[in-house]
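Please consider the following structure alongside this note.

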Amino acid sequence: MAPQALYRRYRPACFGELRGQEAVVRALQNAVQQGRVGHAYLFSGPRGTGKTSAARILAKALNCTDLSSEGEPCGQCQSCLDVANNTSYDLIELDAASNNKVDDIRDLISRVAMGSPGKAKVYVLDEVHMLTPGAENALLKTLEEPPDHVVFVLCTTEPHKVVPTIRSRTQHLGFNLIDGDVLADHARWVIEQAGLEVDEDAIDHAVHRGAGSARDTLSALDQIVAAGGVADRVDAVDAIVDALGGQDYGPAFVAVHEALRSGREPRIIGEALLDLLRNAFLSAMGADLSYLTDAQQESARATAAKIPPAGLTRALEVLGTALVDMRQAPDPRVDLEVALGRLTRRDLDTDINAVLERIERLERQGPPTPAGSASSAPAAPPSAHRTGGPTSGHERARAAIAQIQAKQSEAEARPSESAAAKDPDTADDPASDRVPRPTLGAMRAGKASSASTDSLAEAASPLEPGAGSADPDISLPSREEVVLAWGDTILANLSNKVRVRFQTGRFLANDASCVVFALPNQIHLDRCEEARDEVDEALGQHFGQPVPMRLTIDDDSTAPPPVIRPATTRTTSADPDEAEAIDPDELMDEEAVTQEVISNLMAAFPDSELVTFDPPTATGQQG
């Protein structure tokens, strides 16, 4: 006769031997002690955590003739021995995965009312979520109102698949995964009871293979004993993890190649790697890893230190996809190697998650410094020299911005230096590039010479009364301050006439001695010159000091050209302010408007030529 497996020989025989399920044990023992056992229970939880074992112990306790005060069966009476030997008429176990049809459940129901030798009859339906809808409906009535001597225990690994009508008729007790240290102690107890010789490394491997399941742990231990040691441990996983952390694809492919040559299956390697990376990700997220042994928890923490969370997430996704693809792949090795290639050479991966991972790595470590850049890089800030370079992400960002600004300053300085070299006469004149250029319309109107002269005079002599006197002890407000004050306060306080004239302009960057106000064309500039005294006074009152202002023409103005209106008879208002408020364009001289239109046309067509001719008279026409 073949020897029994360890998980069958050392199956829990009482509530005290049920490991890692204290809450369930306490609930069942109290119910047995107080005589308040329910008519139906639903045991749910992962495989190998003690669901059917707890149901068998409950059957023992309900029929034991010498029950202890704590609700524990004695294990010595005939009823307990029959349950342990699977010969009891008071315990009926049914595999609902294979007996899931309506006829199977009807046959079970037909025997429910029959009596039994013991005090209670316990029906255990394993994997109850596999019942067909018809079988579930057939079970409902009996499950809700069974005979007094009948107790139903429904076991399942997927409680969400059990219909609510069945769940509502039962008391639901959940079984959880067993902690690693508890499983290790249980494995040592089994080894001692069975007289086996197994080292701690093999115990750790069995607990790791068990993954919180007592049955899987003992099955792995049985396999280790049969093989004389750890026979199927994948040593390549540690080398692959090191390669992932160092972004070196060579060692990863070598480790996989050696593992494949030794007879390991690609899927086994992928699953072992996926399990280790998952534990590392949970460790990085601060999850409870008590179901692992101390050595496995330390390994998970070490892996999390090598690979950032984004890298772990990306690896889990890529490996999971590869394992799915292996099912139908002609050569599963290719899927595993391609997945490792994408993970170890992320610079070749265009997936958005790989890009995000590279960004995270740059944020943590900083961008790599190219060779030869030390000589051309600007001097580091004093704090960087004191601490040996920027260490935090903020300091590295500031240093990078400083380098970009330095390069931009150098690029802007080169055109200025070349322009000064070409024209040395104007290189030292800061106002030479700010001289307003008159339009063609102004020149044809006969105003260009005077405007140009005035502008040159303003640029050369900013201390003239027209431009305002510049006091070296007075600091000008910045352009932003002037713009804010102009829009918020000053423009609204001007008279209607002056406000209409100045509202078409804008402030440019300040000169060394005055603020610069730009207008769309020469006509606007001349009209504003007539009313600038009120503006100068308003600026001085607002800032508490004289603010010199220079008027100029805005070469970059996007203001639309004036509209030519037909000559109509207009009634002149008695109030000049009212006339300004109606339409400032109507007050323009028709000749000036015509000249402005000609100026715009000539500017739009640089190679054009203005030709004038006299219309033929009626007497001079030839038939």
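**Note on the predicted model**

1. Trp486 and Phe517 are both buried (under 20% relative accessible area, where exposed is over 50% and partly exposed lies in between, with a 1.4 Å probe and protein chains only). The model is predicted, so local features need pLDDT of at least 70 and side-chain atom pairs count only at pLDDT 80 or more, while totals for chains, interfaces and linings use all residues. Residues are numbered from 1 along each chain as its sequence is written, and side-chain values use heavy atoms, with hydrogens and water left out.

2. Rings of Phe, Tyr and Trp (its six-membered ring) pair if their centres lie within 6.5 Å; planes under 30 degrees apart count as stacked, over 60 as edge-to-face and the rest as tilted. The count by this rule is nine aromatic pairs. Trp486 and Phe517 form a tilted pair, 5.4 Å centre to centre with 50 degrees between the planes. Trp486 belongs to helix H23 (residues 479-493) and Phe517 to strand E7 (residues 515-519), so the pair ties together parts that are 31 residues apart in sequence. Helices (H or I, at least four residues) and strands (E, at least two) are DSSP runs, numbered from the N terminus.

3. Which residues of H12 are buried? They are Ala252, Ala255, Val256, Ala259 and Leu260. Seen down the axis of H12, the buried residues fall within an arc of 130 degrees (taken from the directions from the helix axis to the C-beta atoms), so they line one face of the helix.

4. The buried residues of H12 pack against helices H11 (236-246), H13 (266-284) and H16 (332-344), where contact means heavy atoms within 4.5 Å.
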